[in-house]
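Subject: Structure handover

Hello,

Please find the structure below, with notes on what turned up in it. Please keep the view open while you read.

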Number of protein chains: 2
Amino acid sequence: MRVLGVDPGLTRCGVGVVDGVPGRPLRMAGVGVVRTPADADIGHRLVLIERGIEAWLDEYAPQAVAVERVFSQHNVRTVMGTAQASAVAMLCASRRGLPVHLHTPSEVKAAVTGSGRADKAQVGAMVTRLLRLDAPPKPADAADALALAICHIWRGTATNRLQQAVARVRTQEPST
Amino acid sequence: MRVLGVDPGLTRCGVGVVDGVPGRPLRMAGVGVVRTPADADIGHRLVLIERGIEAWLDEYAPQAVAVERVFSQHNVRTVMGTAQASAVAMLCASRRGLPVHLHTPSEVKAAVTGSGRADKAQVGAMVTRLLRLDAPPKPADAADALALAICHIWRGTATNRLQQAVARVRTQEPST
């Protein structure tokens, strides 16, 4: 399964592509950042983010897109821009019929480090280890995007198994 | 000048098109609402908003788009959806090279009623009067979209005049 993780932001949008299934070593297919100039007007910045995300979708053809869930109680000054950048990422994915999944920062941290309160350095260290990289990806937005993709591969499959189990019980089908 | 006003929202996105210049009677070219089902996933809802806004831009070919500026301190439960819907509207306009302008709710209310603290009914009544309609447009999101377009026609021109005046002073060109 190939997943594109997106850590949304107006100035820096982290993007990372991970291939994998639970229980097997993961592989990084690509990582980077979509940047927009802070002095450009908001509409133009959103167009640049759209072009950037589209280029990543074209090049890597992921089967799913994982985007960080934005909370309004976070940093109030930047939250609107984050929400707007995440909207563009979700729009690009859904327009292609790709499933979009949102994961909270705590879910992502817990998935890759075991603790929902891990700091940036810990997340970067675990992403480096799990993907067998030589050094932590920089900037942090790029590492966070990879962490989102990893979280999705692990959680998504767990969720699917749970859904399948629930469906089995509901249809009275014997468990295999 | 033809302006498309957009009152952004995930469930209801008000849209209104107004033709006019300051000092002349205004004319409503069209008004409506782009709706998305509350039970659809967020990515699909953003795709539906994109299609809706694109259809309005195709049909009415406005020269500018005015979008309500979203504040994070507003209703926290709905502000993320509003920010995301506004991002799609700004993206659609900027992608076509149309200028996008943001106006705060107070600016819009002050422009059409004279008071930044006017209520919905007052805004609806003034929109009805200014556009010489038989009844206030419904729902309120549609009336708000028209108010945004009116605000933009009046404020935008004032801003342009100010910019022209500043430019004249700077270039030492005699005022006419």
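A network of salt bridges links A:Glu50, A:Glu54, A:Asp58, A:Arg95 and A:Arg96 with B:Glu50, B:Glu54, B:Asp58, B:Arg95 and B:Arg96. A salt bridge here is a side-chain nitrogen of Lys or Arg within 4 Å of a carboxyl oxygen of Asp or Glu. Over all chains, the whole structure has 20 salt bridges.

Before the details, some ground rules. This is a predicted model, in which local features need pLDDT of at least 70 and side-chain atom pairs count only at pLDDT 80 or more, while totals for chains, interfaces and linings use all residues. Residues are numbered from 1 along each chain as its sequence is written, chains are lettered from A and ligands numbered from 1 in the order in which they are written, and side-chain values use heavy atoms, with hydrogens and water left out.

Salt bridges in chain B

B:Arg95 and B:Glu50 meet through their side chains at 3.0 Å, N to O. The pair links distant parts of the chain, 45 residues apart: B:Arg95 is in helix H2 (residues 76-95) and B:Glu50 in helix H1 (residues 42-60). Helices (H or I, at least four residues) and strands (E, at least two) are DSSP runs, numbered from the N terminus. B:Glu50 is buried at 7% relative accessible area, whereas B:Arg95 is partly exposed at 32%. Buried means under 20% relative accessible area, exposed over 50%, and partly exposed in between, with a 1.4 Å probe and protein chains only.

The other pair is B:Asp58 and B:Arg96, whose closest N and O atoms are 2.7 Å apart. B:Asp58 is exposed at 54%, and B:Arg96 is partly exposed at 35%.

There is also a salt bridge between B:Asp19 and B:Arg2, at 2.6 Å, N to O. B:Asp19 is in strand S2 (residues 12-19) and B:Arg2 in strand S1 (residues 2-7), 17 residues apart. B:Asp19 is buried at 17%, and B:Arg2 is buried at 19%.

How the copies are related

Core and annotated site

The largest nonpolar core has 53 residues, and A:Val6 and B:Val6 have the most contacts inside it. Such a core is a set of buried Ala, Val, Leu, Ile, Met, Phe, Trp, Tyr and Cys residues joined through side-chain atoms within 4.5 Å.

An unreviewed UniProt entry places a "binding site" at A:Glu68; such annotations may be inferred rather than shown by experiment, feature names are shortened, and positions follow the numbering used here. A:Glu68 is in strand S4 (residues 64-68) of chain A and is buried at 19%. Beyond its neighbours within four places in sequence, A:Glu68 is in contact (heavy atoms within 4.5 Å) with residues including A:Val6, A:Asp7 and A:His103.

Regards
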